[in-house]
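Reader: I have a structure to go through for my course. Could we discuss it step by step?

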Amino acid sequence: MKTGKKFLAALCALGVLTTGFAGCTAGKYDVPDLSSQALSFSSENEDQLKKITDEKLSSYVTLSSGESIELNLGEEKTFDQVVLREKGDNLNKFSISVYANNKWEKVYEGDRILEYRLCYIGDVTAEKVKITAEDCIEPVKLSEVQIRASAERTESIKVSQYICFDDHFDEMAARTDNSFSGYYNVVTDAIIIGTISLDEQGKVVIAGGEEQFAERMEAFRKAIGENDTKIWVTVGFDMKDAEGNRDHNATADFVNENIEAITANIKAFTEKYGIYGVDYDWEYPEKSSQWKAYNKIITETAKVTKVSIALPPWGIKLSDEAIAALEHVNVMAYDLFDERGDHANSFVAGWDSIKKVMKSGIPIEKILLGVPTYGRTTDKSGDAWPSYKDYDLGKWGNLIEDYPYTTADGEKKTCDAYVNSYGQVRDKTALAISSGAGGIMIFREGCDSDYTEQYCLHRAVEEVIEATGK
């Protein structure tokens with residue numbers, strides 16, 4: 001249950017909490033309205049304490065590489081989150097340590113903070129907390145610290161996952177251990193991508209044929225077993241021009257001219273195969289006429305089956321009717337390159353993505369924050385797509401150094417590639433749960449390590465949900 005905003009505002013005024021949520025800040029979407037409880041703490045340096053608890057990015061504590069700030073909880077307290085804000089972007093690595101049983105223990109490592117980062121450390125009981133700037137480009141301006149204890153989430157948490165029906169699927173689904181089936185201990189909504197599309201008359205087209213699809217559906221349901229995982233399909237409806245490129249105007253015309261056939265054929269298909277719903281991924285409508293067509297296919301399809309969509313956190317122009325018709329929105333919070341070339345850092349592909357989608361009118365409870373199981377090179381190449389499963393990065397590692405790849409022109413290159421670590425996926429899951437988002441989306445199954453692996457990213461999501469949600 002979320003704490004009342006008036007109560008929180010009163011505590012802020014008394015200086016009891018170090019907060020950063022709605023009711024204590026001026027900007028509606030500056031920081032999330034977290035359900036977790038903020039704990040009080042003190043510091044021997046009163047000037048430092050004031051700067052990291054006044055909820056202003058403009059005031060901060062400066063830390064150089066190797067320097068720390070130490071906070072005293074007054075007594076042993078149990079908590080699982082540390083929220084940090086930074087003015088600027090100067091960190092390469094930071095850590096969080098806790099003091100208990102007369103010794104310090106490092107419990108967390110991260111790369112960057114930026115404007116907002118929720119660090120999930122798992123339940124710890126300690127007297128003190130220490131934040132250390134392990135490595136920074138220039139002195140770090142640490143502007144806010146919160147130490148928080150998760151409240152149990154009473155609303156259900158969704159975990160959607162995109163999966164391809166391909167040769168990799170055939171191999172994984174045939175396994176008799178839980179290296180594949182274990183994913184569905186946590187995945188609530190599995191979305192088959194790249195198999196179903198619509199032709200120019202609105203008829204359903206199954207890549208590989210109906211017989212193969214039916215066999216794979218049977219194998220998939222067997223792998224899911226008794227888990228209550230809903231099966232969705234992404235339905236492609238992009239029309240092409242004479243050169244084979246996507247033609248958004250033609251796609252809009254197709255929807256407007258064939259909507260009755262589209263919905264009738266989708267209804268028949270989903271009923272035949274016991275599909276829970278369809279997922280749309282139009283990349284990307286630009287004109288108002290195209291958005292009107294997108295709104296139409298969403299609202300009309302929702303009359304015959306459940307509908308979700310995949311969206312980037314920008315340029316969204318859905319109608320109120322379309323938003324109401326959607327069961328949830330899978331936010332593509334990846335391929336969002338920043339100045340360093342990181343495509344899915346904890347801020348831009350975390351809270352910043354959620355708040356941008358909210359500003360488009362989509363309620364937070366319908367938002368599933370996307371986490372990638374693949375990497376992108378920091379030179380932003382479209383030819384380099386490393387999979388998380390192919391690298392042993394431990395719990396905190398999020399950089400594949402000197403990743404080799406070949407360009408479309410045949411040139412061999414190397415470049416560092418950025419991935420989301422196990423720890424980082426835990427952070428994003430805890431953020432989704434504590435902020436009231438609908439849950440997490442995983443893109444995609446085929447790039448994650450086996451469920452039996454210790455640092456499988458599906459297991460990172462599961463760990464936080466088991467600890468803080470339901």
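Reader: To start, how many disulfides does the count come to?
Author: The count comes to 0 disulfides, a disulfide being a pair of cysteine sulfur atoms within 2.5 Å. Please note that this is a predicted model, in which local features need pLDDT of at least 70 and side-chain atom pairs count only at pLDDT 80 or more, while totals for chains, interfaces and linings use all residues. Residues are numbered from 1 along each chain as its sequence is written, and side-chain values use heavy atoms, with hydrogens and water left out.

Reader: Is Cys415 buried or exposed?
Author: Cys415 counts as buried, at 13% relative accessibility. Buried means under 20% relative accessible area, exposed means over 50%, and partly exposed is in between, with a 1.4 Å probe and protein chains only. Cys447 is buried as well, with a relative accessible area of 8%.

Reader: Changing topic, how many salt bridges does the structure hold?
Author: The structure holds 26 salt bridges. A salt bridge is a side-chain nitrogen of Lys or Arg within 4 Å of a carboxyl oxygen of Asp or Glu.

Reader: Which residue does Arg112 pair with?
Author: Arg112 forms a salt bridge with Asp338, and their closest N and O atoms are 2.6 Å apart. The two residues are 226 residues apart: Arg112 is in the loop between strands S5 and S6, and Asp338 is in the loop between strand S14 and helix H9. Helices (H or I, at least four residues) and strands (E, at least two) are DSSP runs, numbered from the N terminus. Arg112 is buried at 4% relative accessibility, and Asp338 is buried with a relative accessible area of 12%.

Reader: And where do Lys272 and Glu210 sit?
Author: Lys272 is in helix H6 and Glu210 is in helix H5, 62 residues apart. Their side chains meet in a salt bridge of 2.2 Å, N to O. Lys272 counts as exposed at 57% relative accessibility, whereas Glu210 is partly exposed at 38%.

Reader: Next, the nonpolar core. Which residues touch the most other members of the largest one?
Author: They are Phe180, Phe213, Phe220, Tyr280, Tyr294, Ile298 and Leu318, in a core of 105 residues. A nonpolar core is a set of buried Ala, Val, Leu, Ile, Met, Phe, Trp, Tyr and Cys residues joined through side-chain atoms within 4.5 Å. Helix H6 gives the most to this core, with 8 residues.

Reader: What does Phe213 touch?
Author: Leaving out residues up to four places away in sequence, the contacts of Phe213 include Phe165, Ile192, Val233 and Tyr273. Contact means heavy atoms within 4.5 Å.

Reader: Lastly, in what order do S16, S17 and S18 form their open sheet?
Author: The order is S16-S18-S17, with antiparallel pairing. Two strands pair if DSSP finds at least two bridges between them. The edge strands are S16 and S17, each pairing on one side only. Between S16 and S18 there are 2 bridges, and Arg376 stands opposite Tyr418 in S18.
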